[in-house]
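Let us read this structure together, one feature at a time. Keep the sequence and the 3D view open.

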Amino acid sequence: MRRIPRDVAELKLRAVDSLVLGIELFNRPYGRGRPEAVLILLHHAFEMLLKAIIKNRTGTIHRKDGTHTYGFDRCLEVMQNEIGLISTDERTTLSILDAQRDIAVHYYQEMSEDLLYLQAQAATTLFDTILVKGFDDRLADQVPERVLPISTSPPTDLQLLIGKELGKIDQLLAKGRRQGAVAAARLRPLIALAKAGRHDGGRASERDVGQVVKRRRRGDDWTVILPEVARLRLDTTGSGISVNLRIKKDADMAVRVAKPGEPVVGTVIKQDVNIWDKYNMGRDDLAKKIGLSGPRTSALVFELGIQNDDECFKILRRKKSEFKGYSKKALDKIRDALNNGLDVDDVWRKQGHRLGGKRTRERGSET
């Protein structure tokens, strides 16, 4: 294999170092700050590894203006849709880690030992997989086996693990108990799991936590409240040190979530969606994410019929204000078209007249 550049090698080294430190803290007997430190270091390990691979394959990890390196979401996008080195399930695993780390850094959560083990072992398995794909290198060649996560009772059935967590939350929410804050803290990791399993992603907000608590207290079933969690399962091989653990989104479900506007019949359930959360991007937000000017982004919107797709676009109104909102599906649709060779200059020649053509130059109006 060709010699990798020095900066790529340094990124790769720091990725392995962060992973080892995360595992070391996982195996530490002292518990104060341990879950947060493990999640932060595992997340940093993957960010460095993904950037090392992207830098090695594409030559850059910086935005077009050169001011910042790619964020974690952009790294996932490049790795899955541009380089093709991670699958949908692998991206979901990393999105879950990203959500857990986000809560650990910016707020707090109560993560059980089982869930922390699940995250640490799944991260170690996936790190090795991506390291092989990116550099034809094995984690076992970088670190001694003794540093890998260990557990006296590693979980093999994710649904049993989640069921135990939900049972504890039910106890905290029992009538007459003033444990709502503790229940919310235990719910945050599970809502992060659910959010990562949704097609439009997103972060676990306090509004989400409050709605889950409210629905459970009124008697809604957990499989209806958090159906995405019910889809997750573990793909486990080996035991002890050599365990390989992967999170997959193909478990059997008794129910499925209806798409917005779909009639609810049989075992299909309706999931309430905050449309301001779903259609949370304006035209200029799209432009920034794809690295084009506003007018050229509008031309792509017209060319691809984005505003004709209810899953991509909606006009939102609040009092007297009107907002043209685009969803993550709209962003993905544009990126897929660009990745498949859509010529932006050609689109501008075809659609630019709808924005005033050449007279607008690169200014244009909000579309």
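Q: Which polar contact joins the side chains of Ser112 and Glu165, and how long is it?

A: A polar contact is a pair of N or O atoms within 3.5 Å; within protein, one must be able to donate a hydrogen and the other to accept it, and residues adjacent in sequence count only if both atoms are side-chain atoms. Here the Ser112 and Glu165 side chains are joined at 3.1 Å. This is a predicted model: local features need pLDDT of at least 70, side-chain atom pairs count only at pLDDT 80 or more, and totals for chains, interfaces and linings use all residues. Residues are numbered from 1 along each chain as its sequence is written, and side-chain values use heavy atoms, with hydrogens and water left out.

Q: Where is Ser112 found?

A: Ser112 sits in the loop between helix H4 (88-106) and helix H5 (113-135). Helices (H or I, at least four residues) are DSSP runs, numbered from the N terminus. A polar atom of the Ser112 side chain also lies 3.2 Å from the backbone nitrogen of Leu115.

Q: Is Ser112 buried or exposed?

A: Buried means under 20% relative accessible area, exposed over 50%, partly exposed in between (1.4 Å probe, protein chains only). Ser112 has 9% relative accessibility, so it counts as buried. Not counting residues up to four places away in sequence, Ser112 touches Glu165 and Arg186. Touching, or contact, means heavy atoms within 4.5 Å.

Q: Which residues of helix H16 are buried?

A: In general, an α-helix has 3.6 residues a turn, so residues three or four places apart point the same way. In H16 (residues 344-351), the buried residues are Val344, Val347, Trp348 and Gln351. They lie on the same side of H16 because they cover an arc of only 100° around the axis. That arc is taken from the directions from the helix axis to the C-beta atoms. Their cover includes helix H14 (294-303) and helix H15 (328-339).

Q: Which residues have the most contacts inside the largest nonpolar core?

A: In soluble globular proteins, nonpolar side chains tend to be buried together. A nonpolar core is a set of buried Ala, Val, Leu, Ile, Met, Phe, Trp, Tyr and Cys residues joined through side-chain atoms within 4.5 Å. The largest one has 71 residues, and Phe46, Met79, Phe127 and Ile130 have the most contacts inside it. Helix H2 (residues 34-58) gives the largest share of this core, 12 residues. Apart from it lies another core, of 17 residues, including Leu331 and Trp348.

Terms used
Helix = DSSP H or I, 4+ residues; strand = E, 2+ residues; numbered from the N terminus.
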